[in-house]
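Me: I would like to learn how to read the fold of a protein model, going from the overall layout down to a single residue. Could we take the features one at a time?

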Amino acid sequence: MGGMPLNDMPWWRWRSNVRSALHMLSDPVFHEDTWLTGDEAYGDITDAVYRLVEDTWLDSWSAEKYVGTIFRDSQEAAVVDLAVLRVLRILHQVGPDAPVSAYLEHHAWPEAVRAAREAHVRLAEADGDDPDVRPTSLDVLKILTRAV
């Protein structure tokens, strides 16, 4: 998220957290190399889901509510909503404390990854970032989103 214009969206810190979660959820190589190996620098799947819905309450209402504050337009909101629904459905089925493998082996996981990827790419490109770079660690996310 290095190229992200951090001041062009009113709630850019929330956008950064949503983008971070979508980025991690959308990358199967990252899942294998980082989450399955237990690399704590990135949190786990539950942490990513929490960042996705933490401040936004996207588990309770539509991203459309945040058009103009977190999301640039209704198209961004729609792809984020789809990703949230796909990921939360799996979370509710396997449980928040399930091992990473339970998510990755879930029959609907590929659909959730595709939806997260679509949302991640749309938001990253709108922010002028390369959607194919490796996700940043949580420490880097903290630095990027600290109050200035």
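Reply: Helices and strands are taken here as DSSP runs, numbered from the N terminus. In this predicted model, the pattern along the sequence reads α-α-α-α-α-α-α, with 7 helices and 0 strands. The radius of gyration is 14 Å, close to the 15 Å that the globule rule gives for 148 residues, so the protein is as compact as a globular protein of that length.

Me: What share of the 148 residues counts as buried, and what does the C-alpha trace span along its principal axes?

Reply: Of the 148 residues, 47% count as buried, while the C-alpha trace spans about 40 × 30 × 25 Å along its principal axes.

Me: How should I read the packing of helix α1 against helix α3?

Reply: Two packed helices are described by the angle between their axes and the distance between the axes. For α1 (residues 12–25) and α3 (residues 45–53), the axes come within 7 Å and cross at roughly 145 degrees, and the crossing is left-handed. Among the residues that meet are Val18, Ala21 and Leu22 in α1 and Ile45, Ala48 and Leu52 in α3; by class, this contact has 8 nonpolar, 2 polar and 1 charged residues.

Me: Is His120 buried or exposed?

Reply: A residue counts as buried when its relative accessible area is under 20%. His120, which lies in helix α6 (residues 109–126), has a relative accessible area of 3% and is therefore buried. Leaving aside residues up to four places away in sequence, His120 touches Arg19, Leu22, His23, Ser26 and Pro131.

Note on methods:
Residues are numbered from 1 along each chain as its sequence is written. This is a predicted model: local features need pLDDT of at least 70, side-chain atom pairs count only at pLDDT 80 or more; totals for chains, interfaces and linings use all residues. Side-chain values use heavy atoms; hydrogens and water are left out. Axes are lines fitted to C-alpha atoms, for helices over the stretch in contact, and angles run from 0 to 180 degrees between N-to-C directions. Helices (H or I, at least four residues) and strands (E, at least two) are DSSP runs, numbered from the N terminus. A crossing is left-handed if the near helix is turned anticlockwise from the far one by less than a right angle, and right-handed if clockwise. Contact means heavy atoms within 4.5 Å. Ala, Val, Leu, Ile, Met, Phe, Trp, Tyr, Cys and Pro count as nonpolar, Asp, Glu, Lys and Arg as charged, and the others, Gly among them, as polar. Buried means under 20% relative accessible area, exposed over 50%, partly exposed in between (1.4 Å probe, protein chains only). The radius of gyration is taken over C-alpha atoms; the globule rule is 2.2 Å times the number of residues to the power 0.38.
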